[in-house]
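Student: I have a new structure open and I'd like to learn how to read it. Could you walk me through it?

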Amino acid sequence: LRKKAVSGNTAIVDAKYIGEEEGTDEAEQLEVKVNSLASSQLNEGNYLNPSGRNLSKGEYFFDMNIGEYTYEFSFSVREDDDNNSIQEKLIRLFNRANIGVTAGKATDENGNQAISIESNSTGASGSSDGLIFSIVENEKSDGKVVAALGLNNIKQKPSNANFSINGVEHTASANTFSVKHQYQ
């Protein structure tokens, strides 16, 4: 007997048999109903005029907490920097750090720009607030860089996938999971 997995709607659920190919057991019918998919955390900063400047010349520090780790970021603002160049510096800092987030820029209908920071992982964390990361002021910084740029503005909280298998509710932090080590 050869087992297989089939999905009636592959846009929602893609089923794949990952167990042993041969067996004498009769194929088990699994019905999966997806209530919601797991999502990442997305922070979106304050929308700033790209040619303006919301930070004065100087050195700035802030911390990013991810799980049990704290990462210190530092950057300088020169006299000729504007909001656009400052945001570009920070985007490069986040992306080069390779610590589980990806940064980019969002633009509103007025041409103002904000830094967007998205977790590479999905699902609520084990912390009390369920957040994957947080960005906080560092005591070394004499300015309020996190508040000025809105780096800790949460646009989307991370969430777990919620689904049922044969009527039994389940949750998972990712959108890929295995069932009985046979199906994925």
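This is a predicted model: local features need pLDDT of at least 70, side-chain atom pairs count only at pLDDT 80 or more; totals for chains, interfaces and linings use all residues.

Tutor: Helices (H or I, at least four residues) and strands (E, at least two) are DSSP runs, numbered from the N terminus. Residues are numbered from 1 along each chain as its sequence is written, and side-chain values use heavy atoms, with hydrogens and water left out.

Student: What is the order of the strands in the open sheet?

Tutor: Two strands pair if DSSP finds at least two bridges between them. Here four strands line up as β5-β6-β2-β8, with antiparallel pairing. β5 (101–107) and β8 (154–156) each have a single partner strand, so one side of each is left without a neighbour in the sheet. Inside the sheet, four bridges join β2 (residues 40–44) to β6 (residues 113–122); Asn 43, for one, has Ile 117 in β6 as its bridge partner.

Student: Which residues have the most contacts inside the largest nonpolar core?

Tutor: In soluble globular proteins, nonpolar side chains tend to be buried together. A nonpolar core is a set of buried Ala, Val, Leu, Ile, Met, Phe, Trp, Tyr and Cys residues joined through side-chain atoms within 4.5 Å. Buried means under 20% relative accessible area, exposed over 50%, partly exposed in between (1.4 Å probe, protein chains only). The largest core has 25 residues, and Phe 62, Met 64, Phe 75, Phe 94, Ile 117 and Ile 135 have the most contacts inside it.

Student: And how many salt bridges does the structure hold?

Tutor: Side chains of opposite charge can pair when their charged atoms come close. For a salt bridge, a side-chain nitrogen of Lys or Arg is within 4 Å of a carboxyl oxygen of Asp or Glu. This structure holds seven. In one of them, Lys 155 meets Glu 44 (3.5 Å, N to O). Lys 155 sits in β8 and Glu 44 in β2, so the pair ties together parts that are 111 residues apart in sequence.

Student: Are those two buried or exposed?

Tutor: Lys 155 is exposed at 53%, whereas Glu 44 is buried at 16%.
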